[in-house]
Amino acid sequence: MLSRTADHLYWMARYLERAETTARLLEVGARTALLPDPSGGYRNDWEAVLQSKGTLEQFKEKFGETNQRNIETWLFFDSDNPASVLSCINAARENARVVRTALTSPVWDAINSAYQELKQLQRTERSKLMVTDLTEWTLRFCHLVRGCLSATQLRNDGYAFMGIGTSIERADNTARLIDVKYYVLLPSLSYVGSGLDQSQWALLLQSMTAQRAFNWSYSGEITAQKIAHLLILNRKFPRSLLSSVCWTCDHLDDIAQNYSNGTRAQEAAHQLYEDLSRATVDDIFDEGLHEFLQRFVSRNAGLANTVQDVYLRGIPA
Amino acid sequence: MSATQAKIFNEMMNGQDVRAAYANLEKWYRSMPPELRNLKQSEAEALFRRVGITFAVYGEGGDPERLIPFDMFPRVMTAEEWRKLDKGIRQRAAALNAFLCDVYGRREIIRAGRIPEHLVTNNEAYEKAAIGFMPPRGVFSHIVGVDLVRTGPDEFYVLEDNCRTPSGVSYMLQNREIMMRMYPQLFMENRIAPVDGYASALRKTLASVAPRKCMAEPNIVILTPGQFNSAYYEHSFLADLMGVELVEGQDLFVEGDFIWMTTTEGPKKVDVIYRRIDDSFLDPLCFRPDSMLGVPGLMNVYRSGGVTICSAPGAGVADDKAIYTYVPEMIRFYLGEEPVLENVPTWQCARKDECRYVLEHLSELVVKEVHGSGGYGMLVGPKADKSTIEAFAHKIRQNPENYIAQPTLALSAVPTFVEEGIAPRHVDLRPYCLVGEKIELVPGGLTRVALTEGSLVVNSSQGGGVKDTWVLAE
């Protein structure tokens, strides 16, 4: 497969996943803003949300104050924000369009119709659009594309590169989602002023569609340890860091088998997996959750670079 | 004007009678309720958009992805009519290639005084870098698009030849695909020669001209300028049908004596490049240094026989409008045959006496730029007002060599769906002739139709549409 074709497939998958995460973050932020703050008024996590997407500065430059309508627009519709749902869907569709013949028609159809629908949404009056409708629409679209991929796409190297795009992006995004809320998971009250808040934990789970998964996997009370375990180390939870890295490994192994040739990309992925699977929740809290997540994000990005160098840019291994 | 109107050849109707080839279609049309027709029309459009058969127009605002209007009323030709076209097109494709070999080789035709030397050597499309090089099997133009118009029962004229990279064949294939999907019954009632062999014939043609250095199954690629090109859909469609890679310049590089493409498994040698970019963009080291679309060093590899480029650099000199008038001469000179298909009588403004005639008769003639394409930069005399004609006359006087003129032909008309039912609209025809080890031609081609009443301009960029084109089986 042409490196450029693989590159487009890889980025198409990454942008799809990123659109989904932005939508999830938007939902977390909007829900949080409905909760009363102990110190009076309502909670405001918007800055943390924007920070996790790395767009706080750009946002402030454009809008100044963080009022909710501005943020919703910024995260969903704004084409100046490279991480907005709109930007991500457009980018995913543009990548797909270039290599359309590498996708089955149901997959292309799903992506293309989402793009057309989004153009329609853009023309709709903002006051007629509820945040939950927008986020639900996004999630439904992402699920549709993934469903089509899984049901119709040939399991060749192109499929593996899309898989790698998805799992690398998901690992990154899950880590960032946890990081927005890392302080509510800190085990000791003394770390933060506002204290642990049952509803905040529930929100974090909700944002990853994980409440039921949590109840099925753990008994008893919700604790920081259990949540951290679910989102980071639980191999059974499809958005956990360990699951995501494991899939990156699987797809890379497929490619190595396909090409009868392994590279340093496989090595790097397996190394990351080994390290992660040996970790315990206690280790993570000892290191500091925030520090651990930052370190993970940077190693995951390093892995992404290796994959790109080896396969997508044609730099020999 | 009314005089020309009266002479228009209607391909379906002979006075009040329906011609035999159209009999079934006419019944089909009459039995179709108007509501159903609208439904089918929007169904067809939805199919086109869904499959993504669009052409891109950037820089004009609006949706850059446009549809070419598709008219559901097919155009029909009998086997007998086609036989003549088939023979004439093959003959022309062979002569054009013989001419190209000659002008980049011994130049016999010039030495024999049949074509003036300056028309060839001073031509912008005459490629110095191609002189003295003989491409595999002596083929320069592997896909020859011959634009034909019809003016009477047995009168076909060649309007122009396209020896570089004629586009539109994807529409020929998709128009048929969509008609078969929407009206299978029609294909049971009429025995229609299939066109879907085109992609495999193209593949075989390209494989047959692989360089001699290529020992294994040749690796064929299509080279596209990229997704922003108006014909990108066609490029990816053909690559998909042939099962070959669609590459951009950035995917290719020169190493040693060969061209390689960057793949996820490392470099892979490329043997045949079906390029859909112009000569001047092929190789920044040889042509335009600012080209980002080509491959630095490509021409060196080409000239040393490491890769075949289709069409060969320099093929454009054969389809120039000034050279066009000499094609019948080429057929006689190289093949020793009389041309099966006629040229449209053409006046060369480069010749003083002919230029004078043209300037005196501008209101009756169609004047074209020698190097123009796409229906731009031309004057349709009978449709132009006085000031337009005067302005054009001025342009001709300034640079007579740049213009040729032809009589305004009464292009044949074919029934076409309009608001009130059907009405005759003018059409042309572009068959695609493949030249490799053998000469191959699928029956039919792309019919373009001028959707505006009375209009003779069929170009998609100027309000033209397309039709499925049937050649009835014998």
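This is a predicted model: local features need pLDDT of at least 70, side-chain atom pairs count only at pLDDT 80 or more; totals for chains, interfaces and linings use all residues.
Residues are numbered from 1 along each chain as its sequence is written, and chains are lettered from A, with ligands numbered from 1, in the order in which they are written.

**View 1. Chain A contains 16 helices and zero strands.** Helices (H or I, at least four residues) and strands (E, at least two) are DSSP runs, numbered from the N terminus. The radius of gyration of chain A, taken over C-alpha atoms, is 20 Å, close to the 20 Å that the globule rule (2.2 Å times the number of residues to the power 0.38) gives for 317 residues, so chain A is as compact as a globular protein of that length. Along its principal axes, the C-alpha trace of chain A spans about 60 × 50 × 35 Å. Of the 317 residues in chain A, 47% are buried, a residue being buried if 20 or more other C-beta atoms, placed from the backbone, lie within 10 Å of its own.

**View 2. In chain B, three strands form an open antiparallel sheet in the order E10-E11-E12.** Two strands pair if DSSP finds at least two bridges between them. The edge strands are E10 (252–255) and E12 of chain B, each of which pairs on one side only, and the twist averages 45° from one strand to the next, where axes are lines fitted to C-alpha atoms and angles run from 0 to 180 degrees between N-to-C directions.

**View 3. E11(B) has antiparallel pairings with E10(B) and with E12(B).** Four bridges link E10(B) to E11(B), and B:Glu255 stands opposite B:Phe258 in E11(B). Strand E11 (residues 258–263) of chain B is joined by five bridges to strand E12 (residues 266–270) of chain B; these two strands form a hairpin with two residues between them, and the bridge partner of B:Met261 is B:Lys268 in E12(B).

**View 4. At the interface, 15 residues of chain A are in contact with 17 residues of chain B.** Two residues are in contact if their C-beta atoms, placed from the backbone, lie within 7 Å. On the side of chain A that touches chain B, the elements giving two or more residues are helix H1 (3–32) and helix H5 (85–98) of chain A, and the largest share, three residues, comes from H1(A).

Key
A residue is buried if 20 or more other C-beta atoms lie within 10 Å of its own, exposed if 12 or fewer, and partly exposed in between; C-beta atoms are placed from the backbone.
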